[in-house]
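I open this notebook to record what I looked up in the structure. The entries follow in the order in which I made them.

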Amino acid sequence: MPHFLIEKENIEEKFIRVKEAELLQHLVCALRIKTGETLKFIDREKNVYKTRVLEVSKKEVRAEILESEKSKRELDFRIYLAQSVLKNDAQNLLVANATELGIKGLYPFVSDFSTVKADFIKSKIEKFQKISNESFKQCERADLMQVFEILPQDEILARFKKENIIIFAERLENTDIPASVKDIDLEDDILLVTGPEGGFSDREFEKFKAAELKMATLGNLIYRAPNAVTAGVSKVISALELKKQGIL
């Protein structure tokens, strides 16, 4: 069952009142909810509420809170993704997948081999956020993934500790995923960086090498760009779990 983000001011002791226009329209007009149905809501403090609908109108939905609990649907690590924006459907799929994988925030940028321009990306940030928000509902994760405004690649990298940055590299890789997480600080923000369909340029690889950033291989298989993100993030999460347990 999907859950819906609700603001604290709409939560009373035993009831939730939905008055926010966009959510109200979605529940009433799109989903056509009826009295007696069960709905799940989540607030920004990650409290999940199971409710029963009592009243439905175009001005308000009122639901009785049956039970509540703290959501556990989040990673133990703060992982961010910096990615060279892809074309159309591939980018939309990447945003949805990143949300479902538990990424905290997505930094879009333009790389040397990007096939889309900065102005195009700027015009799509709101759309990317909406795609992420929809995935947030469907996968019931505890928090929203933030899609940041487009920034230069170097400025994004400068926001993170060098040892907490992993570049997904299709060539010139110098380590595998398990080895790349060994010196990561689990208590600090982690950044994963992925390139466009054509990969990173020689200039970018040389820059990463000069900065002594880790360039990790995803293995022997070649992935399409959105799938590379899914495979790479999944492998990093698995490796981080092993590190947390003291196995790596």
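I looked up Ser84 and recorded it as buried, because its relative accessibility is 0% (buried means under 20% relative accessible area, exposed over 50%, partly exposed in between, with a 1.4 Å probe and protein chains only). I noted that this is a predicted model, in which local features need pLDDT of at least 70, side-chain atom pairs count only at pLDDT 80 or more, and totals for chains, interfaces and linings use all residues. Residues are numbered from 1 along each chain as its sequence is written, and side-chain values use heavy atoms, with hydrogens and water left out.

I placed Ser84 in strand β6, residues 79–84 (strands are DSSP runs of E, at least two residues, and helices are runs of H or I, at least four, numbered from the N terminus). Beyond its neighbours within four places in sequence, I found Ser84 in contact with residues including Phe109, Thr194 and Pro196 (contact means heavy atoms within 4.5 Å).

I then turned to strand β2, residues 15–18. Its covered face holds Ile16 and Val18, while Phe15 and Arg17 make up the uncovered face. I found β2 paired with strand β5, residues 61–70, in the antiparallel sense over 4 bridges (two strands pair if DSSP finds at least two bridges between them). Arg62 in β5 is the bridge partner of Arg17.

Last, I looked up Leu242, which lies in helix α7, residues 225–244. I recorded Leu242 as partly exposed, because its relative accessibility is 34%.
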